[in-house]
Structures are given as C-alpha cells and as structure tokens.
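Welcome! Take a moment to look over the sequence and the 3D view, and then we will walk through a few features together.

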Amino acid sequence: MSLRTMTSLLLLVGLLAAGATAQERMQWTDLPSLPDTLGFGGPFVGTHADRLLVAGGANFPTAPPWEGGKKVWHDTVFALDPGATAWRNAGKLNAPRAYGAAISTSYGVALLGGSDSERHYADCQLLLIDQGTLRARFEALPPLPVATAFPAAAANGDTIYVAAGSDGSDPTAMTHAFWSIDLTAEQRSWKVLPAWPGPARHKAVAAFQSNGSHGCFYLFSGEIPQRGADGKLTYDYRTDGYRFDTKLGRWQQLRDLPTPVAAACAIAAGQSHVLVFSGSTGKHALAPDPRPEFPRIVRSYHTITDTWTEAGTMPTGLVTTGVARHEGKIVIATGEVSPGVRTPAVRSVTVAQEAAGFGALNTIVLALYLAGLVWIGLRFSKRGGNANDFFLAGRRIPWWAAGISIFATQLSAITFISTPAVAYASNWLVLPGKAMILVMAPIVVLLYLPFFRRLDITSAYEYLERRFNLPVRLFGSASFIAFQLLRMAIVVFLPALALTTITGINVYLCILIMGVLSTLYTVLGGMEAVIWTDVLQTVVLLGGMLIAIIIVAMDVGGFGVVFETANAAGKTRMWDWSMSTTDLATWSMLLGTLALQFGPYTADQSVIQRYLSTKDERSAARGIWLNGLMAVPVGLLFMLLGTCLFVFFQHRPDLLHVGMKNDEVFPLFVSSQLPAGLSGLVIAAVFAASMSSLDSSMHSIATACTIDWYQRLSPNATEASSLRLARVLTVALGVTAVATASVLVTFDIQSLWFLFQKCLGLLSSGVVGIFALGIFTKRASSRGVLTGASASIAALIYMTWFSSLHFYLYAVIGIATCIVVGYLASLVMPDRDRDLTGLTHNTRPA
C-alpha cells in the first residue's frame with residue numbers, strides 16, 4: 001500500500017480520536033412555573049394532545065400546617081401549550097381532588113381515585129383537551145373496585161395497572177389489592193390481579209418497564225401507618241420492592257432499596273432502567289420544625305441486574321407529585337419540597353451521556369486493520385481480469401476459506417452486538433437452536449449442492465429458469481435483491497449507531513468508513529477479495545470476543561464466579577418444554593431455527609455464490625460443514641460473553657448508562673473497560689462484522705443484477721460489458737448503502753427496526769418454497785409455484801401484523817404454505833411437457 005493511501009486512512013480514522021471521558025449527568029431545564037404561587041401537593045400530572053396538564057392538588061393557602069393552616073383541595077386544570085411561555089387555565093375538575101394517580105394514555109390522562117377533605121374516592125375519568133375549544137373535557141371510566149388515595153399506578157401502552165393505597169376509613173386502613181384495566185377493550189372493566197407478596201401500604205412508587213408486547217410492573221417502597229397501644233400513629237417506611245410479570249401473572253421480590261423513597265415519582269428510562277426521583281425516607285414525618293427538605297437524590301433501578309445506583313440529583317427534592325413525558329423529556333411538575341411546603345416550579349430533565357473518547361492507540365489499531373482490508377483488495381485486483389474471477393473468484397477458493405466466508409456472511413455486526421445482549425438480558429434459551437445448522441448441513445450437501453454445482457451456473461436463480469421459466473427466475477432474483485437492499489442499510493446503520501452512542505465516534509463517519517472501504521476492496525478484488533477479507537474479519541471478530549470474555553471473567557473473579565452468579569439468577573437456562581405458540585419455547589425455537597436456515601443456505605445468492613467459488617463439489621461440501629462446526633461453538637461463546645457481561649455489571653451497575661439500550665452493553669464494556677489498543681481491536685471486530693455483511697450483499701446483488709437481468713435480457717451483453725456493469729453496480733450499491741444508512745439516522749430507529757424485521761422475511765419463505773418444489777417434485781409448475789409464493793406472502797403478512805404467534809414459527813408456516821399451495825396449484829395449472837433431466841431429484845443422473 002502506498003504511503004499516500006496509508007496517510008489518508010490515518011487522517012480519516014484520526015477523526016475518531018477526539019472525545020471526552022465517559023460520564024453521565026442529568027440536565028435540568030426550568031419550564032414556566034404554575035400560576036399558583038404556592039404550588040400543589042398530590043396533583044394529577046400528564047400529557048394529552050401535545051399539552052402538559054396539571055390538575056387538582058392540595059396546599060395550605062392561609063398558613064403552613066405547623067402554624068395551624070388548613071389544607072385546601074383544588075379543582076383547576078392548567079395546560080401548557082406547545083411553545084407557550086406561560087400556563088393557562090383550561091377548565092376545572094368535576095370536584096376538588098388530589099392524591100390520586102394520573103396516567104397518560106392515547107385516550108387521555110386517566111385520573112384514578114384520590115381524596116378531598118372529607119373522604120377517599122373510587123371515581124375514574126379521562127381528562128382530555130378538546131381540539132376545538134382547547135378546554136378540558138372528561139370521559140367517565142369504570143370506578144375502582146375500592147376507594148383509594150395515594151395509590152401507585154403505571155401503564156403499558158393503554159393498559160393501566162394500579163396498586164391500591166389507603167381506603168380512608170381510618171389512617172391505618174390500607175387496601176392490599178392490585179387491578180388493571182385495558183382501555184382498548186370494548187367493555188372496559190377493572191380486572192382483579194394477585195396482590196404483591198409484601199404488606200399493604202400507601203405512597204408506594206410504581207413504574208412499568210415494557211419488553212415488546214408485555215413487560216413488568218414495578219412497585220417500590222411506601223409508607224404503612226400504624227397505631228400504637230397509646231393510640232399514636234407511627235410510620236413504617238418500606239425499602240422492599242416487587243415486580244409483576246404481566247405475561248406470567250406472578251410477582252417476584254426484588255433487592256431492597258438503600259433507603260425508603262415513599263411518595264416519590266418514577267418513570268421507565270430506556271429498555272432496562274427505572275428512575276426514582278427523591279422520596280421520603282421517614283425522618284421528615286416526625287422531624288421538628290423547620291422540617292428538612294426531601295432528598296434531592298435520583299435513584300436508578302436496573303431491571304436486569306436487580307441493582308440500585310444513584311443516577312444524579314435534582315434541583316430540589318419533591319414528593320406527592322407526578323411525572324410525565326413531554327416533548328421527548330421527563331417532566332416533574334410542582335409537588336412538596338418539604339412537609340407542608342409546596343413549589344410551583346415545573347422542570348424537565350434529560351440524561352446526557354458523554355461517551356468515552358476513542359483514543360490515539362485505538363485509532364492506530366483500527367487504521368492498521370482497515371489498511372489491511374484495502375491491501376487485500378489491491379492484492380487480488382491483479383487477478384480479477386474476467387467475469388469468472390469477479391463473480392466466482394475463478395473457482396480457486398480453498399474449502400476452508402469458503403466455509404469461513406459463509407460463516408462471516410451470516411454473522412453481521414447486529415449479531416455480534418445483539419446476541420450477547422440476549423444472554424445478558426435473559427438466558428440461554430436460544431442456544432440449542434445453534435445446533436440446527438448441523439441438521440441443515442447434510443440437507444444442503446446431499447440434496448441442494450449437487451444442483452448448484454453440476455448445472456454450471458453463476459446465479460442461483462438460473463436454476464429456476466431452467467426448471468420453470470424466466471418469470472420465476474426474475475421473481476426469485478428480485479426477491480433476493482429487495483431483501484439485500486434493505487439489509488445493507490440496516491447492517492451498516494445499527495452497528496454505527498451503537499458505536500456512536502457508546503464510544504462517541506461520529507455516526508456518519510462510521511457509516512462512511514464501512515461503506516467506502518467495503519466498496520473499495522470489493523470493486524478492486526471481486527469475489528476473491530470479499531472472501532479473504534471475510535476470513536480476516538472472522539479472525540479479528542473471534543479474537544476480540546475471546547479477549548473480552550477472558551477480561552470480564554478475570555475481573556469478576558473467574559469463570560466459577562460467573563457461572564455461580566449466573567445460575568443463581570437463572571441466566572443459563574436453556575430449555576422450556578411448554579407447548580406455547582406465542583412465547584419462546586424450545587420446540588418452536590428448534591423448528592423455527594431449522595426453517596430459518598433454509599433461506600440463506602438454499603435460496604440466497606450471497607451464500608450459494610460461495611458454494612460455487614471452490615474448485616469442486618467436494619470442496620464446497622467441506623466448506624459447508626466447516627461453517628456448521630464453527631457456528632455451534634461460536635454461538636456458545638456469544639452466550640458466555642453475554643452472561644459474563646451480566647455478572648460484571650451486576651457487580652458494577654454504576655457503569656451502566658441510564659436509559660441505554662440492552663444492545664449497547666457490549667460496546668459500552670469495550671469502550672470503558674478494555675485497555676487501549678485492545679478496545680480498538682474489538683471495535684475493529686464490530687466494523688469487521690458489519691463490513692463482511694455489507695461486502696457480501698453488494699457483491700451478490702451486483703452478481704444477480706448482472707447475470708439474471710443484464711445478461712439474460714440484453715442479447716448484446718459481453719463478458720467485458722458485464723464485468724464493467726458489475727463494478728459500476730458495486731460502487732452504486734456502496735453509495736446507496738451509505739446514503740440510506742445516513743437517512744435512517746434521522747428516523748425513530750426502534751420503530752424502523754421492528755418494521756424492517758417484519759418486512760425483510762416476507763419474500764424469503766416463498767423463494768425457499770419455490771426451490772424446494774422445483775428440486776423435489778416433477779409436478780410443480782411455474783404458475784403453481786408463483787401462486788404458492790403469493791400465498792406465502794399473504795400468510796406472513798397476516799401472521800406478522802394480525803396474529804400473536806411467536807416469530808420463530810413464521811418461517812415454518814411461510815415455507816409450508818408455499819409448498820402446499822404451490823403443489824396443489826400446480827396440479828390445477830400444470831406446465832406443458834418439458835425436459836426435466838437433471839433438474840429434479842427424480843430425474844438427476846445417477
């Protein structure tokens with residue numbers, strides 16, 4: 001490599017070196033204060049129609065309570081409109097009310113229970129802002145089963161959960177009950193659920209942490225008034241905590257809090273944190289005048305490691321108020337700063353994360369790695385003089401390199417980052433599925449590989465035209481191209497986003513580096529460069545993972561400590577023998593994983609192209625077996641890495657970033673805990689995994705477009721023009737990947753990722769079914785298989801958007817639908833007689 005090229009790489013990657021030390025801080029912003037100079041305790045706080053709402057509450061307008069002042073309940077509804085600099089009076093509640101629960105939903109702010117000066121209430125209603133008058137209006141909800149004040153409530157979407165508080169009949173009368181209501185139901189009603197295993201209390205703290213379609217309700221602390229023999233009240237301030245799993249329908253006791261946080265407000269942050277703001281420790285209730293202010297501490301509970309840390313501080317401590325999300329921030333409005341003293345202040349808060357700088361040594365390591373990739377491209381550019389070299393590497397790839405390349409093609413950076421996160425956040429239930437590749441390997445070697453090798457084809461979809469006709473070939477090729485186009489942007493963008501969030505590397509620079517260099521060595525060296533860079537990237541990836549596992553295990557005291565801690569937390573659980581079709585069960589996971597293997601190994605050009613790059617069928621078969629034998633132990637290493645990360649962060653929860661995504665846990669560990677140089681090597685492994693997926697997609701799309709479309713539909717196509725087109729397409733695809741990934745930066749990635757996950761699998765099952773029908777039946781016809789593929793797409797759309805089946809079953813049903821419908825349709829719509837010699841198993845030469 002020239003000095004100029006090396007210098008350019010160092011300058012480009014050198015932009016990564018700037019950054020601050022890892023740090024988190026809470027950034028508080030003052031919003032307009034409420035127009036009441038005193039503020040309120042126990043108000044209803046929520047959001048509706050992009051407006052922040054504060055309703056009701058109580059205060060002491062004439063004198064503080066220690067001077068004999070009388071508490072007064074209020075009924076005003078205040079609204080803060082978008083962009084407004086002051087609150088406005090938006091109406092009144094039906095009656096003065098305070099100390100209930102307020103939950104923001106898509107239907108409005110649910111006002112639940114509460115009290116006034118005379119009694120407690122079971123009344124519930126929705127508070128909405130009329131879009132015409134901009135005034136408050138109300139819709140009735142079913143009343144709570146029991147009147148209650150100081151309840152603890154939280155919601156998962158539009159399903160509300162309420163832990164009852166006091167019933168008002170006596171200061172010591174607590175209700176030990178737990179209810180839920182689904183606002184989307186046609187007939188809304190409160191459902192009685194099992195109560196938490198601890199004692200009844202009021203002023204408990206609640207939050208809901210969602211996990212996709214379900215999640216857990218968290219209940220912490222609280223106050224239990226007790227009357228002694230002398231008739232005087234004493235207060236038991238609790239530090240216990242509980243979690244209710246809405247899918248399993250049962251409670252679990254959690255680790256105790258360091259101190260009580262009664263009457264605090266709480267909210268979920270990110271995928272696995274709950275923030276608890278301030279709270280009464282108990283000393284305030286009996287303290288002499290002047291009573292101390294409530295603590296300013298913001299505590300963070302981590303739902304995976306079951307640990308508590310201090311996340312930051314507040315400008316002032318606050319209790320008996322509410323918290324809501326407004327304009328992307330957490331907002332806390334009014335409340336009590338000390339017993340009997342309110343504040344009209346309204347503040348928003350964000351948790352700012354300052355990522356660790358990448359560092360000079362890490363930059364050098366990454367630059368050397370990237371330079372090596374470009375050198376490989378230059379090295380093989382001298383051997384890519386014809387189309388056979390560019391598309392199939394001249395069929396001179398060793399079997400072991402082909403096998404490693406197949407493995408690397410299937411192992412994206414998303415897998416490298418997210419698979420350890422699965423074990424970190426849950427358990428090892430998906431590990432047995434890794435063994436399904438050993439079931440798949442003999443199927444491919446014995447039943448599919450002979451057709452791809454003996455027909456002397458370059459594109460897998462050439463077989464479909466020979467077996468059926470041109471439209472079937474073009475459907476298979478177009479389905480593959482559409483799949484890979486979407487996949488390219490995702491496999492570049494998501495790893496870049498994770499690296500940016502944790503390391504501070506500019507997201508656009510990450511995308512640009514991966515896109516430009518992948519395009520460069522692919523254009524220069526063709527298939528041979530792609531395969532040999534895959535080999536290098538696999539070595540870097542596995543080396544980085546092994547280093548990380550060893551360092552984590554040594555840090556926590558060895559692998560004995562890792563497995564002892566993990567077993568106690570249920571993290572190494574591998575089997576679930578339930579027959580559920582909606583939850584992850586072993587039977588569906590094994591069957592679904594096997595079905596999912598058919599897509600890449602029997603119908604995907606990027607993998608099949610590697611079968612065709614070896615010198616003969618026997619070499620290709622050995623490569624397939626090597627890929628399978630690598631996948632199982634590497635899958636185990638991914639699970640082990642995730643488990644090690646769980647144990648490490650359970651020991652050091654203070655190192656977790658509040659609000660982080662679970663998939664960021666491995667990059668966080670790498671950037672903050674590995675020594676300089678080693679962290680650069682592991683970050684290079686993330687780049688490696690992403691680039692190995694990107695180069696495979698670019699090269700295979702260019703191959704499919706050139707072979708299936710240009711050469712097939714252009715009678716004047718020559719080898720030289722095909723080679724030029726393939727290289728131009730590779731550059732265009734690289735630009736497309738960079739541009740599309742950069743556009744994704746501006747979108748809500750969580751919703752986009754779930755959408756793409758749903759869309760990407762719609763076409764693949766149909767193509768798998770078409771190949772199976774073509775190879776294993778003589779009756780399958782062109783119109784029949786296309787009908788089957790259409791039925792498969794329809795079935796997958798229904799399952800994805802309108803059923804509760806677990807996604808592992810999607811591929812099973814999609815493939816089965818295509819095969820059954822395609823075969824039956826072929827009987828009704830047969831093709832004309834055609835020569836199938838060598839095109840099906842029944843007509844294959846002995």
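H9 covers residues 507–556, and a straight helix of 50 residues would span 74 Å at 1.5 Å a residue. In the model, however, the end C-alpha atoms of H9 are only 32 Å apart. Follow the helix to glycine 526 and you will find a bend of about 130 degrees. At the start of H9, asparagine 506 places a side-chain oxygen within 2.9 Å of the backbone nitrogen of tyrosine 508.

Next comes a sheet. Four strands form an open sheet in the order E8-E9-E10-E11, and their pairing is antiparallel. Strands E8 and E11 stand at the edges with a single partner strand each, so one side of each has no neighbour in the sheet. On average, neighbouring strands here are turned by 25 degrees against each other, direction ignored. E9 and E10 pair over six bridges, and alanine 110 sits opposite leucine 126 in E10.

| E8 | 101–105 |
| E11 | 136–141 |

Finally, a word on confidence. The chain averages a pLDDT of 89, and 93% of the residues score at least 70. Residues 1–24 stay under 50, and residues 750–754 are also below 50. Where pLDDT is low, the predicted coordinates should not be read in detail.

Methods: Residues are numbered from 1 along each chain as its sequence is written. This is a predicted model: local features need pLDDT of at least 70, side-chain atom pairs count only at pLDDT 80 or more; totals for chains, interfaces and linings use all residues. Side-chain values use heavy atoms; hydrogens and water are left out. pLDDT is the predictor's confidence in each residue, from 0 to 100. Contact means heavy atoms within 4.5 Å. Helices (H or I, at least four residues) and strands (E, at least two) are DSSP runs, numbered from the N terminus. The expected span of a helix is 1.5 Å times one less than its number of residues. The bend at a residue is the angle between axes fitted to the seven residues ending there and the seven starting there. A polar contact is a pair of N or O atoms within 3.5 Å; within protein, one must be able to donate a hydrogen and the other to accept it, and residues adjacent in sequence count only if both atoms are side-chain atoms. Two strands pair if DSSP finds at least two bridges between them. Axes are lines fitted to C-alpha atoms, for helices over the stretch in contact, and angles run from 0 to 180 degrees between N-to-C directions.
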